[in-house]
Amino acid sequence: MATPAVPASAPPATPASAPAPAPASASAPAPSPAPAPAPSPAPASSSDPAAAAATTAAPGQTPASAPAPAQTPAQSLSGPALPGPFPGGRVVRLHPVILASIVDSYERRNEGAARVIGTLLGTVDKHSVEVTNCFSVPHNESEDEVAVDMEFAKNMYELHKKVSPNELILGWYATGHDITEHSVLIHEYYSREAPNPIHLTVDTSLQNGRMSIKAYVSTLMGVPGRTMGVMFTPLTVKYTYYDTERIGVDLIMKTCFSPNRVIGLSSDLQQVGGASARIQDALSTVLQYAEDVLSGKVSADNTVGRFLMSLVNQVPKIVPEDFETMLNSNINDLLMVTYLANLTQSQIALNEKLVNL
Amino acid sequence: MCLFFELYEFFLNTMASRKEGTGSSAASSSSTTGAAGKGKGKGGSGDSAVKQVQIDGLVVLKIIKHYQEEGQGTEVVQGVLLGLVVEDRLEITNCFPFPQHTEDDADFDEVQYQMEMMRSLRHVNIDHLHVGWYQSTYYGSFVTRALLDSQFSYQHAIEESVVLIYDPIKTAQGSLSLKAYRLTPKLMEVCKEKDFSPEALKKGNITFEHMFEEVPIVIKNSHLINVLMWELEKKSAVADKHELLSLASSNHLGKTLQLLMDRVDEMSQDIVKYNTYMRNTSKQQQQKHQYQQRRQQENMQRQSRGEPPLPEEDLSKLFKPHQPPARMDSLLIAGQINTYCQNIKEFTAQNLGKLFMAQALQEYNN
């Protein structure tokens, strides 16, 4: 299930790779001393693909290329160790604005770029990670090399911090349906920015007819003491919405149904009408179910029955006279307010006319 | 508050459009070059340049998120809209938020923030043309002098800009409340002259209804975003919140009425001021008249007695004319009251509908 991304194959960190201007001076021109477990002060570099690569690659590797700090050998993960991706593991909570941003930056990608990457921002909780913002980072990718504009990423993060000081770098995202070797390197970089970064993939190429959205975190694998590889283990993804976001998304979703993907905003009573139409639909589904059960087509289910019971009892039983009084007083309030509003409007219009005499 | 950066905004736009490779090595900058770079094809002078505003779904989500996270209470959150102009449509394709003003950030350079942001966004191919700004509002109170000034400088620099007003409280009640406003050409004229005296306003024939014009909004999504929406719908399965149909309305109504009352109070004070002014002026006229008459009488008497007449004195020095009260403020207040009233009417219409539905339900129950 987890996609192993051990770069046993071609060491991506080869020559002539452009300016991965990793601000990490850790990638200073120290030719990688093979995977000797020399303790390195570099900040948490969890996975170490380059270490694996170093064994296969020729010793004359240009260090400046890969953003990987080629000299740091395998180290233990910093941050909470993951028990696993399934219940009990960490949950990633996404807001819809992130996905919309990702899709938008994918649509605006440069010519020839197969995918886009960017940084994820958000907050960390004890059990979960909430991703609330993101921005895309320009990068170049080709067969053998990958270059990410780190300077840009840092700048953008600073700018974003000015608006929301609570957001931290949580990880990064990439479009495309698979994890490539380059992903490992990029993940490497991000693990310097954040402890235990998250990698999010959004499949914009719509493989299998779906846009799959997955999140991963990297774990070490391999025989301890020897070269360690990196594996991306999946995490559960949940979607959270603020209330207003929910309403916004509902509205935006309506463009799916219109031929030219355009909708206008509706006005007062139309909205009430729309909402009641939705309830009506829901009610007719329930009715259909009840009839099916009665006619024996579907077997009765007690839990559903109980829900239905509570539903019917939701409508409060009020003595008719009381209800009449309540209804009338409310209607009177509203009418009075409407009257006052109209009065005020005509008053200011009059005032306008008088002043202009 | 935004006025400060608005003045620089003018320069920003001209520089940005030129940097963008129009290739011209123009030394002089003028707002027309800036506007020209953004595609002018619009109608005649009397007509408004923008008939429709088309917003990407992404922008809506970003605005909602910005308010939700950074703005609580009566604080307004603001941000910049990016996009482009296509014929008579204004397309808004992205936006970014503006940090709030805090006193301890005195050295915070808004202009620089904006420049940096736009430059960075250009690298990732996001439209980096300013086309307007957005602001959140508290119960619909947004008609202020500050907004007017900001929108004026925006519209002056960029013909087609709009201000998007996002009402989070109304949105939380069930349906997205997003409106786009522009200043009417008449008001633009007056603002250009910087002359807000009563005569100028009367000449321009500006009433509170003609200050802002609302531009209809449509929301448009690309195909891929539509796919995303389908995906979300399948996956998230959040229960539909029927906020819109909730009957408990008195809180909201109470607050709006409170704000309305405050404004009406201000308005009445304004009217009192105006009345005093009128009365003073007319009294002054009378006094002038009397003075003149007395003078004439004296002069006649002196003539009859053979003495030289008294010199004519400059009346205007004796009776200094009163200052007419500023009209702009009362116009703004009137505009605000108008907005409140319209909101209230919309609200009550919805609630009446809901009440009648509840009645029908109850009748059936009995």
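Trainee: What is the area buried between chain B and chain A?
Mentor: This is a predicted model. In it, the area buried between chain B and chain A is about 8500 Å². Carbon and sulfur atoms give 68% of that.

Trainee: Why is an area used here at all?
Mentor: The size of an interface is often given as the accessible area lost when the parts come together.

Trainee: Which three residues of chain B supply more of its buried area than any other three?
Mentor: Leu61(B), Ile219(B) and Leu224(B). They supply 7% of the area that chain B buries against chain A.

Trainee: How many residues does each chain bring to the contact?
Mentor: Chain B brings 97 residues and chain A brings 88 residues.

Trainee: What makes Arg108(A) and Asp127(B) a salt bridge?
Mentor: Their side chains meet at 3.6 Å, N to O. The cut-off is within 4 Å, so the pair qualifies. The rule finds two salt bridges across the interface of chain B and chain A. It also finds eleven residue pairs in polar contact there.

Trainee: Which element gives the most to the side of chain B that touches chain A?
Mentor: H12(B), with 24 residues.

Trainee: Now the rings. Why is the pair of Phe96(B) and Tyr113(B) called edge-to-face?
Mentor: The centres are 6.3 Å apart, and the planes stand at 65 degrees. A pair needs centres within 6.5 Å, and edge-to-face needs over 60 degrees, so both tests are passed.

Trainee: What does that pair tie together?
Mentor: Phe96(B) lies in strand E3 and Tyr113(B) in helix H4, so the pair ties together parts that are 17 residues apart in sequence.

Trainee: How do you know whether Phe96(B) is buried or exposed?
Mentor: Its relative accessibility is 2%. Buried means under 20%, so Phe96(B) counts as buried. Tyr113(B), at 1%, counts as buried too.

Trainee: What makes Tyr181(B) and Phe212(B) an edge-to-face pair?
Mentor: Their centres are 6.2 Å apart, with 70 degrees between the planes.

Conventions. Residues are numbered from 1 along each chain as its sequence is written. Chains are lettered from A and ligands numbered from 1 in the order in which they are written. This is a predicted model: local features need pLDDT of at least 70, side-chain atom pairs count only at pLDDT 80 or more; totals for chains, interfaces and linings use all residues. Side-chain values use heavy atoms; hydrogens and water are left out. Rings of Phe, Tyr and Trp (its six-membered ring) pair if their centres lie within 6.5 Å; planes under 30 degrees apart count as stacked, over 60 as edge-to-face and the rest as tilted. Helices (H or I, at least four residues) and strands (E, at least two) are DSSP runs, numbered from the N terminus. Buried means under 20% relative accessible area, exposed over 50%, partly exposed in between (1.4 Å probe, protein chains only). Contact means heavy atoms within 4.5 Å. Buried area is the accessible area (1.4 Å probe) that two parts lose on being put together, summed over both. A polar contact is a pair of N or O atoms within 3.5 Å; within protein, one must be able to donate a hydrogen and the other to accept it, and residues adjacent in sequence count only if both atoms are side-chain atoms.
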